[in-house]
Amino acid sequence: MRIYFFAFSVLLFQIAVFPKLLSFQSMTPDFLTIFIILFTLKNELFRSLKMASFIGILQDLLSPSGMLFNTATKISVSTVTYILKDKFYYSNIFMKSFFIIFFTFFDIFLKSLLLYFKTGIFELPPFSIFYILINLIIFYTAASKYEYR
């Protein structure tokens with residue numbers, strides 16, 4: 001139960017505090033996607049899907065933009081992470097980098113694809129590289145803290 005409270009707290013900080021501190025050209029790092037990736041790497045599929053659904057639904061409910069794609073993208077990221085987690089030697093630093101870059105880009109691409117189905121316009125955000133790099137830094141910070149617990 002504490003992990004759900006933690007996820008809800010991170011969501012509130014991501015919506016209320018981080019856009020003012022860490023946003024660049026209206027892009028804010030997605031701490032919850034990184035949390036879902038770390039959570040899925042340490043847990044089984046059903047528990048990870050429950051957490052991804054919980055976070056996605058809450059993020060959609062509290063989203064000021066009105067784009068309700070977070071539930072689908074969080075569940076997809078959790079599922080693909082679970083499928084791929086045993087296929088790689090995860091402690092290799094290059095593999096960690098590739099892993100987070102791939103899943104961050106997967107999240108961006110999936111949201112753009114869902115937006116295309118809704119509006120008919122496919123566009124990748126112009127500052128996606130910045131978004132990927134910030135998520136990579138946050139992932140390494142969180143993963144290093146998470147591994148030493």
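What share of the 149 residues in the protein chain is buried? Buried residues make up 38% of them, where buried means under 20% relative accessible area, exposed over 50% and partly exposed in between, with a 1.4 Å probe and protein chains only.

The structure is a predicted model, in which local features need pLDDT of at least 70 and side-chain atom pairs count only at pLDDT 80 or more, while totals for chains, interfaces and linings use all residues. Residues are numbered from 1 along each chain as its sequence is written, and side-chain values use heavy atoms, with hydrogens and water left out.

**View 1. The protein chain as a whole.** The protein chain holds seven helices and zero strands, these being DSSP runs numbered from the N terminus, with H or I over at least four residues for helices and E over at least two for strands. Read from the N terminus on, the order of elements is α-α-α-α-α-α-α. Of the contacts with a separation of 6 or more, 66% are between residues 24 or more positions apart, a contact being heavy atoms within 4.5 Å. The accessible surface comes to about 8900 Å², and 71% of it belongs to carbon and sulfur atoms; such areas come from the Shrake-Rupley method with a 1.4 Å probe, and for residues only the protein chains shown count as cover.

**View 2. Helices H4 and H5.** The axes of H4 (residues 45-61) and H5 (residues 70-84) come within 7 Å and cross at roughly 160 degrees, the axes being lines fitted to C-alpha atoms over the stretch in contact, with angles from 0 to 180 degrees between N-to-C directions. H4 and H5 are therefore roughly antiparallel to each other, a label for angles over 145 degrees, whereas those under 35 count as roughly parallel, 65 to 115 as roughly perpendicular and the rest as oblique. Residues of H4 including Leu45, Leu49, Ala52 and Ile55 meet residues of H5, among them Lys74, Ile75, Ser78 and Tyr82. The residues of this contact divide into seven nonpolar, eight polar and two charged, where Ala, Val, Leu, Ile, Met, Phe, Trp, Tyr, Cys and Pro count as nonpolar, Asp, Glu, Lys and Arg as charged, and the others, Gly among them, as polar.

**View 3. Leu41 in helix H3.** Leu41 is found in H3 (residues 31-42), and it counts as buried because its relative accessibility is 17%. The C-alpha atoms of Leu41 and Tyr82 are separated by 6.7 Å, although these residues are 41 residues apart along the chain.

**View 4. Ser112 in helix H6.** Ser112 lies in H6 (residues 93-119) and, at 5% relative accessibility, counts as buried. Leaving aside neighbours within four places in sequence, Ser112 is in contact with Phe122, Glu123, Leu124 and Pro125.
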